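The chain comes first, then the notes.

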Amino acid sequence: MEKRGLTDKESKKRLETYGANEIKDNLVISPIRILFRQVKKNFIVYLLFIAMILSFFVGKSITAYAILGVIFLVIFTGFIQEYRAERAIKSLKSMLMPISIVIRDGKEKEVLSKEIVPGDIILLRNGEKIPADCIVIEEKELLINESILTGESKEVKKISIKDEKDYSEKNLLFMGTFVVNGKCLAKVIHTGMNTKFGSIASMISTAEKELPLQNKINKISKYMAIVAIVFSMLTGLFMVLGKSPSENIYIEAFILMIALAVSAFPEGLPVVLTTSLASGVHKMAQKNAIVNRMSIIETLGETTVICSDKTGTITKGEMTVKKIFQDNQIVEVSGAGYEGNGDFLIHNRKINLRKENVLNDLVKCAVLCNDSKIERTGEDKIFHIMGTPTEASLLVMAAKADIYQEDMKYKRVEEIPFNSERKIMSVLCKSDNGNFVYSKGALEFLLKKCKYIQRNDGVFTLTERERKKILEANKEMTSDCLRTLAFAYKQVKAFSKDHFEEELIFLGLVGMEDPPREEIKESILLCMRAGIKVKMITGDNRETALAISKRIGLRGRVIEGEDLDKMTEIELSKIVGEIVIFARVKPEHKLMIVKALKMNGEIVTMTGDGGNDAPALKEAHIGVAMGKNGTDVSREVADLTLKDDNFATIVMAIREGRTIFKNIRKFVTYQLSCNYAELMILFIGVLLAPFFGWQIPLLLALQILFMNLVTDDLPAITLALTPSSQDIMEEKPRKKKEILNKSLIIWLAIAGTSMAIITLSVFFVSFNILHQGIDFARTTALLSLIGLEIANAYNFMSFRHKVSFESLRVNKYLFYASIASIIATIAVIYSPLNKVFGTVPIGVMGWIIGIVSAVVIILIFNLLKGLNEKKNFLKLEHF
C-alpha cells in the first residue's frame with residue numbers, strides 16, 4: 001500500500017473541500033442566549049418591572065421611565081460581564097492546539113490536527129488522541145480505549161487491513177478515542193462532523209462541572225435575600241404606620257420596599273464571581289498554566305502536597321548525551337542541547353568513531369532502536385525534534401558522528417514497543433548483512449537479558465565480574481546526575497517474537513544530562529514557606545534521583561518502586577509523609593501514592609505526562625498535565641495543563657488560586673457590608689423619623705437603585721482584580737475554607753454599622769443642626785454614603801494593610817471605578833438628572849461633610865487594623 005501520503009498541494013485542496021477537522025461546539029457563545037438568560041434568571045428585573053408599572057399607574061411617569069432605564073442598565077451590565085467572561089473561558093481552549101504527525105511527500109511532518117484531511121496518513125503512538133476516523137494500515141501491539149464512544153473502559157485490539165476497500169470495525173480507529181498501547185500507521189477516511197464522534201457530538205456534554213464556589217455564593221445570596229425581604233417589609237410597614245393612610249403612601253411604600261429589596265439583594269455576586277474566575281484563569285494562561293476545569297480554582301489554593309515528575313518538570317527536559325561507557329572505558333561527548341556539533345573523547349583525546357567497533361555499533365543501535373525524528377531548523381546542525389527528548393538526544397549524539405537514520409540501509413520489520421512494565425524497546429531490522437535485533441532500556445532490566453558482551457576484539461561471555469563493573473559505571477554516572485540507558489543487540493537467522501530479547505550482546509551505557517531548571521530551587525523554598533510539601537517522582541534510579549534532589553534543595557527519605565510493590569496503600573499511608581523522593585516508579589505507583597496521601601487528609605497536586613498516568617491524575621485533587629511533552633490522554637483527564645512543563649508554573653498557579661479565592665472573599669464581604677448599611681439606614685431612619693421630624697424615606701427608591709448599580713457593583717468588580725499580596729505564599733494552606741467565616745462576618749458588620757451610623761449622623765446634622773431642607777439633607781446623606789462606600793472599598797482591599805495614598809496605586813481598576821462613581825454622582829446632583837433622582841445642587845459644606853465622612857471610615861478601619869495587628873482578635877489571614 002502506498003505510504004508516501006498526500007502532497008502539500010493535495011492536502012490544501014482537500015482542506016478547502018472538506019473544511020477544518022473540528023467538532024462544532026454546541027455551547028457556542030450566543031449574545032442573544034446570554035441576554036435572555038440575564039432576563040430570565042434576574043429576579044431583580046421582575047421586581048423593578050412591577051415598580052415601573054405601579055409608577056405609571058399612579059402618574060409618576062418620570063420615576064417609571066427612570067426605573068425602566070435602571071432595568072436596561074441591570075440587564076446590560078450583567079450581559080457585558082457574562083459575555084466577556086464566557087469569551088475569556090472559551091479562549092482558553094484554543095491556547096493548546098493539538099498537533100499530529102502525518103506523512104506527506106513521503107516524509108513525517110507535524111501539522112495542526114484541525115488541518116488533517118481525508119487521505120492523510122498519520123502516525124499514532126501510545127498515549128495519543130486519535131484526531132479523525134481512520135483505517136489501520138500497520139500496527140504494533142495496538143490497543144485502543146473507546147470509552148468516550150462506548151462507555152466501556154476495556155481496551156480494544158485493532159488490526160491492520162489487508163485490502164483498503166474491505167475493512168470492518170476491528171480495522172477502524174475513531175476520532176476522540178486514545179491509543180493506550182503500541183503504535184500504528186493509519187489512513188484518514190473521515191474528519192470533523194463527518195466522523196462517528198462528530199455525529200454524536202450533540203449528545204456529548206461538554207458543560208463545566210458545577211462550581212463549589214458558585215454554590216457558596218448562591219447560599220449567601222439566598223440568606224441575604226431573606227434578610228432583604230424581611231427588612232424591606234418592616235420598613236414599608238413602619239412607613240405606612242408613620243403617615244396618614246392614602247393611595248399614594250401605599251404605592252410609595254411598595255416602591256421603596258422593592259428598591260430596598262433590590263439594594264440589599266446581592267444579585268451581582270454570581271456575575272462578579274464569574275468575572276473574577278475568568279480574569280484569574282486568563283492571567284494564569286498568560287503565565288503558561290491552562291485551566292481545563294474552572295471547578296479546581298478553589299482547591300488549587302488549598303494544595304498541601306505537590307507530587308512532581310523529575311524529567312522535564314523539575315529538570316529542563318532537554319537531554320544531552322555527555323558520557324558513554326563501552327569496552328570498559330568512558331567516552332566523553334562534547335556539545336549541548338539539540339546542536340549536532342561535538343566530539344567523542346577518550347582521556348581528552350578526540351577519537352574516530354569509525355575505528356571504534358563497539359562505539360560505532362552502540363551509536364548505530366541508538367539510531368535504529370528509536371521512534372523519534374530530528375530535522376534541521378535551517379541553522380547549521382541545529383535540530384528540531386519530533387518525539388521524546390530522550391530518544392532525540394540519541395539522534396543528536398549520532399549526528400555529531402555524521403550518522404543519520406535516513407542514511408542507514410536497514411529496514412525495520414518488527415518491534416516490541418517500550419512500556420512502563422518492561423522498560424525495554426526492541427526492534428528487528430533487515431539489512432544486506434543479515435537480520436539484527438536492537439534493544440535499549442533501563443540497565444537493570446536489559447542487563448538481565450544479556451548473555452554476552454562486545455569488545456573491540458570480539459564478543460565474549462558476560463561474566464559476573466563484568467556485570468559488577470557495568471553496574472559500578474552506571475552508579476558513577478547516576479551519582480553525577482546523569483540519566484542512563486543501556487544498549488544491546490544480536491544477530492538472528494530465524495525470527496521468533498517469543499525469544500526476541502534473549503541472549504543479547506551488551507554494547508554499553510549512555511549517560512544523558514538533564515539539568516535542573518534555574519528557578520526550581522527558589523520555587524521549592526517558596527512551597528516550603530507556604531506549608532506545601534514537595535515530593536519528586538521519577539522513573540530513574542535511586543542515585544540519579546538523589547543527585548538531582550541535592551542540587552535543588554530537596555531532603556528526605558527515598559523509596560523505590562520495588563519497595564512500593566511490597567506495600568499496601570494503608571502501609572504506605574503511614575510513612576508517605578516522610579518520603580520525599582520516589583525512584584524507579586511505575587505509573588500504577590503514582591496512583592498508590594495519591595491514595596496514600598489522601599488517606600492522610602492531604603490536598604494533592606500530581607503531575608503526569610504519560611497515558612498510563614491518567615488514573616493518578618484523575619484521582620488527585622489537581623491533576624497537572626504537560627503541554628509540551630505530555631500525551632493527549634493525560635491532557636484529557638488533567639485539571640491543569642502546563643504549556644512550558646515547568647514546576648515553577650505549578651507554584652505560580654497555586655499562588656494565583658489563593659489570590660482569586662481571597663479576592664472573592666473581599667468583594668463578597670464588601671458588597672454585603674454595603675447592602676447591610678443601606679438596609680440599616682432606611683430601617684433605622686423609619687424608626688427615628690417620629691423623634692427627629694424626618695420625612696421618610698431618608699433616601700428615595702431611585703437613589704438607592706443608583707447607589708446599588710454605581711457604588712456597589714463597580715468597586716466590587718474591581719476588588720476582584722486586586723493583585724496578590726507579597727506574602728500570600730507565606731500562609732499555611734487551610735482546607736475546605738468557607739467564603740464567609742466568623743472574622744469576616746464581624747468585619748462586614750462593623751463596616752456596615754459604621755457606614756449606617758455616619759450616614760444617619762450626616763442626615764441629622766444637615767436637617768436638625770444646619771436646618772437644611774429635606775432635599776438638601778437627603779442629597780448630602782446620599783453623597784456621604786457614596787463617599788463612604790468608595791472609601792470602604794479601599795478598606796476591603798486589604799484586611800491588614802492600612803489605607804494610604806499609596807493604596808490608590810495598588811489597584812488601578814478600583815481607582816478608575818472610584819472616579820467613574822464620583823463623576824456619575826456629580827451628574828446626578830448637578831445636571832437635569834437631579835429632577836429624576838430627587839436631588840438638589842449642594843454647596844461646599846455638603847462636599848466637606850461627604851469628604852469628612854469618607855476620611856472617618858478610613859480612620860476607623862486603620863485604627864481597627866492597627867489594633868488587630870497587635871492583638872489579632874479577628875484572626876484575619878494574609879489578605
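This is a predicted model: local features need pLDDT of at least 70, side-chain atom pairs count only at pLDDT 80 or more; totals for chains, interfaces and linings use all residues.

Residues are numbered from 1 along each chain as its sequence is written, and side-chain values use heavy atoms, with hydrogens and water left out.

- Eight strands form an open sheet in the order 8-28-27-26-9-23-25-24, with mixed pairing. Strands (E, at least two residues) and helices (H or I, at least four) are DSSP runs, numbered from the N terminus. Two strands pair if DSSP finds at least two bridges between them.
- Strand 8 (289-291) and strand 24 (557-560) are the edge strands, and each pairs on one side only.
- From one strand to the next, the twist averages 20°.
- Strand 27 (residues 622-626) pairs with strand 28 (residues 640-642) in the parallel sense over three bridges. V624 stands opposite L640 in strand 28.

**Helices across the sheet**

- Helix 17 (residues 542-552) lies across strand 23 (533-537), strand 24 and strand 25 (579-583). Helix 17 runs at about 140° to strand 25. Axes are lines fitted to C-alpha atoms, for helices over the stretch in contact (heavy atoms within 4.5 Å). Angles run from 0 to 180 degrees between N-to-C directions.
- Helix 20 (residues 587-599) lies across strand 9 (305-309), strand 23, strand 25 and strand 26 (604-608), at about 170° to strand 26.

**Nonpolar cores**

- The largest nonpolar core has 120 residues. Such a core is a set of buried Ala, Val, Leu, Ile, Met, Phe, Trp, Tyr and Cys residues joined through side-chain atoms within 4.5 Å. Buried means under 20% relative accessible area (1.4 Å probe, protein chains only).
- M284, L640, F647, I664, F667 and V668 have the most contacts inside this core.
- Helix 23 (residues 647-692) gives the most to this core, with 22 residues.
- I664 touches L213, L273, S276, L277 and I739, not counting residues up to four places away in sequence.
- Another core, of 45 residues, lies apart from it and includes V396, A398, A401 and M408.

**Strand 3**

- Five of the five residues of strand 3 (residues 121-125) are buried, so this strand is largely enclosed by the rest of the structure.
- I121, L123 and R125 point one way, and I122 and L124 the other.
- Strand 1 (residues 99-104) runs antiparallel to strand 3, joined by three bridges. I101 stands opposite L123.
- Strand 7 (residues 178-190) pairs with strand 3 in the antiparallel sense over five bridges. There, K187 is the bridge partner of I121.

How values were computed. Buried means under 20% relative accessible area, exposed over 50%, partly exposed in between (1.4 Å probe, protein chains only).
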